[in-house]
Amino acid sequence: TYEKVWIVASMVLIVGFIATITYGAVGPGIAMIDDDGGDINPDKINDDERFAEPGVEHVGGNEYEVTVVAQAWSYTPSEIEIPANSEVTFYVTSRDVTHSFSVVGTNVNTMVVPGQVSEMTAKFDEPDEYGILCNEYCGEFHHTMEGKLNVV
Ligand code: CUA
């Protein structure tokens, strides 16, 4: 009879549905960072001397280098102070997920990718206070991730 055929067909359908649901749940998933390969290895940042003690360094004349480490959900250092009339090169990296480093009201606005160093230079002529924000969604407290840049 056809009865067996229908039973088998419905079994196949059910198994198919379960497989589809399972794949949807775990298949695409969230890719974990591969600690052993490629450039995407946040641990490498620990070996990068510039990030051993993040902060402001006077490199001569009116030039300053500022190293910053982003990590959910803060920046280290959280407050940066540089003198007016300075040219500042920022080196920013992340220890965990993708963040951004955006100095509000300036052209400093960059993505910060774990295991990579974002670099940008800006001039600060006048004393002022700038907010630093993360524009890249990085989890539950993304909206609290902020810092301060004081030009004195
Ligand atoms: Cu860090 Cu959003």
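This passage describes the fold, the surface and some local features of one protein chain.

The structure is a predicted model, in which local features need pLDDT of at least 70 and side-chain atom pairs count only at pLDDT 80 or more, while totals for chains, interfaces and linings use all residues. Residues are numbered from 1 along each chain as its sequence is written, and side-chain values use heavy atoms, with hydrogens and water left out.

The protein chain contains 2 helices and 10 strands. Helices (H or I, at least four residues) and strands (E, at least two) are DSSP runs numbered from the N terminus. In order from the N terminus, the elements run α-α-β-β-β-β-β-β-β-β-β-β. Of the 152 residues in the protein chain, 32% are buried. Here buried means under 20% relative accessible area, exposed means over 50%, and partly exposed lies in between (1.4 Å probe, protein chains only). Among contacts with a separation of 6 or more, 57% are between residues 24 or more positions apart; a contact means heavy atoms within 4.5 Å.

The protein chain exposes about 9,800 Å², and carbon and sulfur atoms supply 54% of this area. Accessible areas come from the Shrake-Rupley method with a 1.4 Å probe, and for residues only the protein chains shown count as cover. Surface patches are made of residues with over 30% relative accessible area and no salt bridge; like charges are joined within 9 Å, and nonpolar side chains (Val, Leu, Ile, Met, Phe, Trp, Tyr) within 5 Å. Tyr2, Val5 and Trp6 make a nonpolar patch of about 450 Å². Tyr2 is placed in the segment before α1 (3-26) and is exposed, at 66% relative accessibility.

A negative patch is formed by Glu79, Glu81, Asp125, Glu126, Asp128 and Glu129. For charges, Lys and Arg count as positive and Asp and Glu as negative, whereas His and the chain ends are not counted. The place of a charge is taken as NZ of Lys, CZ of Arg, CG of Asp or CD of Glu. Strands β4 (79-82) and β9 (128-133) each supply at least two residues of the negative patch. Glu79 belongs to strand β4 and is partly exposed, with a relative accessible area of 49%.

Side chains of opposite charge can pair when their charged atoms come close. The whole structure holds 1 salt bridge, defined as a side-chain nitrogen of Lys or Arg within 4 Å of a carboxyl oxygen of Asp or Glu. The salt bridge joins Lys123 and Glu87, whose closest N and O atoms are 3.9 Å apart. Lys123 lies in strand β8 (residues 118-124) and Glu87 in strand β5, so the pair ties together parts that are 36 residues apart in sequence. Lys123 is exposed, at 59% relative accessible area, and Glu87 is partly exposed, at 25%.

Ser102, in strand β6 (residues 99-103), is buried, with a relative accessible area of 5%. Leaving aside neighbours within four places in sequence, Ser102 is in contact with Val108, Asn109, Thr110, Gly131, Ile132, Leu133 and Asn135.

Most residues other than glycine have a negative phi, and most peptide bonds are trans. The peptide bond from Ala72 to Trp73 is cis, with omega near 5°; Trp73 lies in the loop between β2 (63-71) and β3 (74-76). The bond from Thr76 to Pro77 is also cis, with omega near -5°, and Pro77 sits in the loop between β3 and β4. Asn85, in the loop between β4 and β5 (86-94), has a positive phi of about 60° although it is not a glycine.
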